Amino acid sequence: VNGHLPVGPVTESAEVRPFWDGARAGRLVLPYCPGCARYIWYPRSFCPRCGATEVQWREASGHGVVYSHTTVERGMGAFADVGRYVVVFVELDEGPRILTNLVDCDPDHVVIGAPVRVVFDRGADDAVLLRARLERA
Amino acid sequence: VTALIAGAFEHPARELPGVSVAQVHAEVARGALADAGLEMGDVDAYFCAQDAPGFGGLSMADYLGLHPRFIDTTEAGGASYLSHVGHAAAAIRAGKCSVALITLGGTPRSGGARHGANMRGPEAPEAAFESPYGASVVSLYALAARRHMYEYGTTARQLAQVKVTASEHAAHNERALLRAPVTIDEVLESPMISDPLHRLDCCVVTDGGGALVVVAPEVARHLARPTVRILGHGEAVATTSDGRVDLTRTAAARSGPAAFAEAGVRPADIDYASIYDSFTITVIESIEDLGFCKKGEGGPFVGAGALRAPDGALPVNTDGGGLCNNHPANRGGTTKIVEAVRQLRGEANAELQVPDCELALVHGLGGVVGSRSAGVTLILGRDE
């Protein structure tokens, strides 16, 4: 599968500005609740578990594994002409399971548990989007 | 006070070119009221979800000529109409109304669906983190199916058996969209949509709809047709759990026990079940979470023919379900309730009528597994 899937447009909310600033710098920055000792996904400015209205923004490792995967044979909308592509949940080492695309891979050889790392794809108008690649063996 | 379902109607058509969505709502409203032996003027409560065109329930109330003293527009995807039945029963118990009309209608097959009606807007807080990845509804259920296979050894053939059974049931339903029985191999040879889900692992797209009338006991007493008691109702929401999304356990694990507790019955007491079948995996995860088999054993349970009517361990979706019969407006909740009412009235297709059917369960799964979804469970009983 190619590494050129559509990027955006994505509506970036100021509520989670540190996530987008980090992404633009190539870093995975996530909200973290000190009280729960948990990283929060998807990003928001409070902890939905304990209700704490202050979160820390911490850089995560960007490493994880494939939690589940599927290959979409034919997409719609912006994905209509990209050919087959892979949708995955990545389980980060820090805990959260993130919906994204696995890029630069042979879709017929993706397996649950395969190590991956987060990458950031760039699009028009400075758009940036989190994706994942298989770790090289 | 136990509220009752007095009217249940499934639009006979599966394709309605040139018919407006509002017209579909009106046709099914008339159908359900006629089934109950009531008239539009008797309705004092109105329930609908986002498939109803216009401004919440107000446009349809105006169009239909209703004067409700109770209104509820709970939106829980295809499970909305199960919520509506539960909420109507609670409202009747509280004395807020006595004749509740619930309508569903849409025309996605003819292309008349309002685009975006079921879609979240860019303001949804999750949109920026989920919408850009081309993750179709099928692909999200495929992720659930893949994980279920990984954790429990569920096979593609077991998933396919859900469709095979639905097709065998649909063969007896002259109105079903897909009446031809299919084999496991035919399911597996159908085009892959998003692996491991093939085209025949997916429900149909149909125009049409359905409606229900829920009434107070003092109203039911004067009606000629058999009514169905609403014995239990449970609802729950499964979320992404701040990033610990569970792909193999649905909200049914909470809505089911709540409904069983309210009804005072157990899974083994259920004679017939309507189980939401947007995809084959939806059925397997739901019957596990509802307690009809152990977690992870849904595949072998289904594979052994448990869902076949009339004599399987758990006869399911005797109309052919959303997989073969009807999934109007891309929302399967109402047709699930209608078929359970048919079974409890002894009016299902004769070959598939469960003998002496006293107790039915209806389960709806609205929204999308792997993101946000509602589970709503009803326990219905034959009126004595």
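Reader: Why is Cys97(B) called buried?

Author: In this predicted model, Cys97(B) has a relative accessibility of 4%. Buried means under 20%, so Cys97(B) counts as buried.

Reader: What makes Cys203(B) buried or exposed?

Author: The relative accessible area of Cys203(B) is 19%. The cut-off is under 20%, and Cys203(B) is therefore buried.

Reader: Why is the pair Asp242(B) and Arg38(A) called a salt bridge?

Author: The closest N and O atoms of Asp242(B) and Arg38(A) are 2.9 Å apart. The limit is 4 Å, so the pair forms a salt bridge. The count between chain A and chain B is one salt bridge.

Reader: Which elements of chain A supply at least two residues to the side that touches chain B?

Author: These are helix H1 (17-24) and strands S2 (38-39), S4 (63-72), S5 (85-92), S6 (97-103) and S8 (128-134) of chain A. S4(A) gives the most, with six residues. The residues on this side of chain A comprise 23 nonpolar, eight polar and seven charged.

Reader: What is the area buried between chain A and chain B?

Author: The buried area is about 2,900 Å², and carbon and sulfur atoms give 60% of it. The contact draws 38 residues from chain A and 32 residues from chain B.

Notes:
Residues numbered from 1 in each chain as written. Chains lettered and ligands numbered in written order. Predicted model: local features only at pLDDT ≥ 70, side-chain atom pairs only at ≥ 80, totals over all residues. Heavy atoms only, no water. Contact = heavy atoms within 4.5 Å. Buried area = accessible area lost by both parts, 1.4 Å probe. Salt bridge = Lys/Arg side-chain N within 4 Å of Asp/Glu carboxyl O. Helix = DSSP H or I, 4+ residues; strand = E, 2+ residues; numbered from the N terminus. Nonpolar A, V, L, I, M, F, W, Y, C, P; charged D, E, K, R; others polar. Buried < 20%, exposed > 50% of the residue type's maximum accessible area, 1.4 Å probe, protein only.
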